[in-house]
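Biologist: Hi! Could you walk me through a few spots in this protein? I'd like to start with who touches whom.

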Amino acid sequence: MERDARRLHASSFGAAAVAYAEHRPDYAPAAVRWALEPAPGPRVLDLGAGTGKLTGTLVALGVDVVAAEPDPAMLTELRRALPDVRALPGSAEAIPLPDASVDAVLAGNALHWFDMVVAGPEIARVLAPGGILAGLWNVMDNRVGWVAALEQVGGGAAIGPRDTFGSWRAATAGSHLPKTGLVARFGSPEQDEFPHGQRRTAGSLVATLATRAGMLVMPEQERAATLGRIRAFLASRPETTSGEFTLPMLTGVLRVRQL
Ligand SMILES: C[S@@+](CC[C@H](N)C(=O)[O-])C[C@H]1O[C@@H](n2cnc3c(N)ncnc32)[C@H](O)[C@@H]1O
């Protein structure tokens, strides 16, 4: 994605902050524990924290978390949902923390929005020696037949390569960390996936997909047509046609350790 388009997508979430908080999933606790396993201490920065989905999981795990988020509307939602968490305005390219002040930097569905050429050295600056950088992505399990079919119907704006089990590994490790220019200062990337799921109805799954960046920046007519196609598909499938179901998901984690 070219620079201007990426900036537009990266800043698209605030307009849908309330829907985002209501409809996006949280993260599998086992995935967050694995991300933090090699961290040298308990201080964690949730970077690009949004409305606090990952922050909430971190709080529940009892770690010492500070959140940073550049979008004022997202930050307002986070502060409303988690009033006891220290939540700061700030971006990955200008992190509002002192040098060596955290043991891990985690980014939930956010690392791909960072300009890693600038953000990589900035993340290295705030990490203590041996600190962890981990990206987490909630992906749909497209080994399940109806999810694979939904992926076809939704198209790339609703469900992209980073959003499914089949392609997230290649879409993350290959493209984000090498850009840091810091590969020599971090160990080799490790990746793993952890089972997860989200209780949804057809209506709430449509609402979840509508909060994706590709959908938020789409011209209104195209957006309505895409959501209409997804709605019709969900109505046609026995798994999703009525009532609540579990959307089969995994939380994928990409982690590196500062040497
Ligand atoms: C898909 S949302 C994820 C929010 C949250 N981490 C979650 O798991 O729900 C992406 C977030 O990254 C933020 N973001 C975009 N560009 C950023 C940057 N350069 N630095 C830090 N955060 C950024 C957006 O404002 C948005 O809140």
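Modeller: Happy to! When I say contact, I mean heavy atoms within 4.5 Å. Keep in mind that this is a predicted model.

Biologist: Good to know. Leaving aside neighbours within four places in sequence, which residues is Arg-200 in contact with?

Modeller: Arg-200 is in contact with Glu-22, His-23, Leu-205, Thr-208, Gly-243, Glu-244, Phe-245 and Leu-247, once those sequence neighbours are set aside.

Biologist: And where does Arg-200 sit, and is it buried or exposed?

Modeller: Arg-200 belongs to strand β6. Its relative accessible area is 9%, so it is buried, given that the cut-off for buried is under 20%.

Biologist: What does its side chain reach?

Modeller: A polar atom of the Arg-200 side chain lies 3.0 Å from the backbone oxygen of Ser-204.

Biologist: How far is Arg-200 from Ala-28?

Modeller: Their C-alpha atoms are separated by 16 Å, and the two residues are 172 apart along the chain.

Biologist: Thanks! What about Gln-198, where is that one?

Modeller: Gln-198 is in strand β6, which covers residues 190-200. It counts as buried because its relative accessibility is 8%. The Gln-198 side chain reaches the backbone oxygen of His-23 at 2.9 Å.

Biologist: What else does Gln-198 touch, not counting residues up to four places away?

Modeller: Besides His-23, Gln-198 touches Arg-24, Pro-25, Thr-208, Phe-245, Thr-246, Leu-247 and Met-249.

Biologist: Switching to helices: which residues of α7 are buried?

Modeller: In α7, residues 145-154, the buried ones are Trp-146, Val-147, Leu-150, Glu-151 and Gly-154. Down the helix axis they fall within an arc of 150°, so they line one face of α7.

Biologist: Why would residues spaced like that point the same way?

Modeller: An α-helix has 3.6 residues a turn, so residues three or four places apart point the same way.

Biologist: Nice. What do the buried residues of α7 pack against?

Modeller: They pack against β5 (127-140), α9 (202-210), α11 (220-236) and β7 (245-257). After α7 comes Gly-155, with a positive phi near 80°.

Biologist: Last one: how do the axes of α3 and α4 cross?

Modeller: The axes of α3 (residues 29-36) and α4 (residues 53-60) come within 10 Å and cross at roughly 75°. That makes α3 roughly perpendicular to α4.

Biologist: Which residues meet there?

Modeller: Pro-29, Val-32 and Leu-36 of α3 meet Leu-54, Thr-57 and Leu-58 of α4. By class, this contact has 5 nonpolar residues, 1 polar residue and no charged ones.

How values were computed:
Residues are numbered from 1 along each chain as its sequence is written. This is a predicted model: local features need pLDDT of at least 70, side-chain atom pairs count only at pLDDT 80 or more; totals for chains, interfaces and linings use all residues. Side-chain values use heavy atoms; hydrogens and water are left out. Helices (H or I, at least four residues) and strands (E, at least two) are DSSP runs, numbered from the N terminus. Buried means under 20% relative accessible area, exposed over 50%, partly exposed in between (1.4 Å probe, protein chains only). A polar contact is a pair of N or O atoms within 3.5 Å; within protein, one must be able to donate a hydrogen and the other to accept it, and residues adjacent in sequence count only if both atoms are side-chain atoms. The arc is that of the directions from the helix axis to the C-beta atoms. Axes are lines fitted to C-alpha atoms, for helices over the stretch in contact, and angles run from 0 to 180 degrees between N-to-C directions. Angles under 35 degrees count as roughly parallel, over 145 as roughly antiparallel, 65 to 115 as roughly perpendicular and the rest as oblique. Ala, Val, Leu, Ile, Met, Phe, Trp, Tyr, Cys and Pro count as nonpolar, Asp, Glu, Lys and Arg as charged, and the others, Gly among them, as polar.
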